[in-house]
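Please keep the sequence and the structure open beside the text as you read.

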Amino acid sequence: MTAQPTPDPSGTGTAIETVFRIESPRIIAGVTRIVRDVGIAEELAQDALVAALEQWPRDGVPDNPGAWLMATARNRAVDLVRRRENYARKLAEIGRSLPDEAAPQEPADPDDIDDDLLRLVFTACHPVLSTEARTALTLRLLGGLTTAEIARAFLVPEPTVAQRIVRAKRTLATRNIAFEVPYGPDREARLGSVLDVIYLIFNEGYAATAGDDWLRPSLCEDALRLARVLSSLMPKEPEVHGLTALLEFQASRTAARTGPSGEPVLLKEQNRARWNRMLIARGVAALGRAEAASSGAPGPYLLQGAIAACHAHAYSYEETDWPRIAVLYGLLAARSPSPVVELNRAVAVSMAEGPSEALPLVDALTDDPALRDYHLLPSVRADLLSRLGRTTEARAEFERAASLTRNERERELLLRRAAEQS
């Protein structure tokens, strides 16, 4: 049930849709607690939007638009439950689970986080769903994006995204996935899934894997907003703050990462005066919260946030604390072993100790099946060879990297670097 807005010269319809995009995650979350089905909850939220589009231009915008939309959606949810065959049992559940207040009461147990929005986050990112389905459903339910917007962001056909979302909702319903925040040992694993989805969304905007554009800033903004919301919902989780810090630092460089024609600008060549100091300050604060909340060995996102902080604090590429970055990547490799982490560590080693020390580390990764089609492996190797004066080999590696990337802007950059080898 999707709203079909009509022309609105007063602009009220546009205001309604803006309010709905902001409030829809909380509305869907609140309604899901009643109907226990995210698909039905989203339809009821859309029904509330239709009602607002019909009534507000005529009656005026209410003093608290979000509360009006929530109340309308919840009332429709209650009516729906009442129409079901198991009316008596469900009605009793509603009486127990729906407080009179607009916000949930503070739980007696600090670990019992009674927040519908947080439950929706864990539901949308449930590991029973594929990574693609989790990403699409998260952007749809929590990011407020339309199916067309998600399809455009990831350069896939709109029907493909629509099918992923429909299948994801169906899977959650047929598998009877509980609308809850996990506890105990399962919590860390499930939280990792949530953080990975948010990071994936950000990375697709930060360095697009395909298409004509190097950056898709709207995806970065959506991911950063989700990370900030999660930080406010889970203030005692160091990895949540670590991810938020990482994204704040990365997002601070956005304006400097492309040239006048949209071409990529490498970190070494970026004008650091264009870095967003406010986002860097937010990153520093988030990293501080992560470190304060951490009681044991730092997690992968906290470590990556610390690495990003090293770049943010450096006034120039040469002044970057590369030895510390190399150490942090070593800790990250021990905490979360990955050939990509090892490749990044090799880059840091090349800056701290020289390309001759790093090249063997990169060569050791060339037979790793996980990096077989990973364009950054030959790209890094080409850069090291170029710095060592082995230009013929460097040219071949840059050309190989260009053949592997699916992003047109990045391909142009790699081919240009290949041509510069002489």
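1. D383 and R387 both belong to helix α17 (residues 376–387), where they stand four residues apart and are thus separated by about one helical turn; helices here are DSSP runs of H or I with at least four residues, strands are runs of E with at least two, and both are numbered from the N terminus. The two residues form a salt bridge in which the closest N and O atoms are 3.6 Å apart, the term meaning a side-chain nitrogen of Lys or Arg within 4 Å of a carboxyl oxygen of Asp or Glu. D383 is partly exposed at 22% relative accessibility, and R387 is partly exposed as well, at 36%; buried means under 20% relative accessible area, exposed over 50%, and partly exposed in between, with a 1.4 Å probe and protein chains only.

2. Please bear in mind that this is a predicted model, in which local features need pLDDT of at least 70 and side-chain atom pairs count only at pLDDT 80 or more, while totals for chains, interfaces and linings use all residues. Residues are numbered from 1 along each chain as its sequence is written, and side-chain values use heavy atoms, with hydrogens and water left out.

3. Which helix packs with α17, and at what angle? The partner is helix α18 (residues 391–404), whose axis lies 8 Å from that of α17 at an angle of about 160 degrees; axes are lines fitted to C-alpha atoms, for helices over the stretch in contact, and angles run from 0 to 180 degrees between N-to-C directions. That angle makes α17 roughly antiparallel to α18, given that angles under 35 degrees count as roughly parallel, over 145 as roughly antiparallel, 65 to 115 as roughly perpendicular and the rest as oblique. The crossing of α17 with α18 is left-handed, which means that the near helix is turned anticlockwise from the far one by less than a right angle, whereas clockwise would be right-handed.

4. The structure has 17 salt bridges by the rule above. One of them joins E248 and R228, with 2.9 Å from N to O; because E248 lies in helix α11 (residues 238–251) and R228 in helix α10 (residues 217–233), this pair ties together parts that are 20 residues apart in sequence. E248 is buried, at 2% relative accessibility, whereas R228 is partly exposed, at 28%.

5. Within helix α19 (residues 408–420), E408 and R411 are three residues apart, about one turn of the helix, and their side chains meet in a salt bridge of 2.6 Å, N to O. Salt bridges also link E42, R140 and K169 in a network.

6. How many aromatic pairs does a search of the whole structure find? There are four, where rings of Phe, Tyr and Trp (its six-membered ring) pair if their centres lie within 6.5 Å, and planes under 30 degrees apart count as stacked, over 60 as edge-to-face and the rest as tilted. Among them is the stacked pair of F202 and Y206, at 5.4 Å centre to centre with 25 degrees between the planes, and both residues are buried. The pair of Y317 and W322 is edge-to-face, because the ring centres are 5.3 Å apart and the planes stand at 65 degrees.

7. The ring of Y206 also has the charged end of R257 over it, 3.7 Å from its centre; a charge sits over a ring if NZ of Lys or CZ of Arg is within 6 Å of the ring centre and within 35 degrees of the ring normal. R253 likewise lies over the face of W275, at 5.7 Å from the ring centre.
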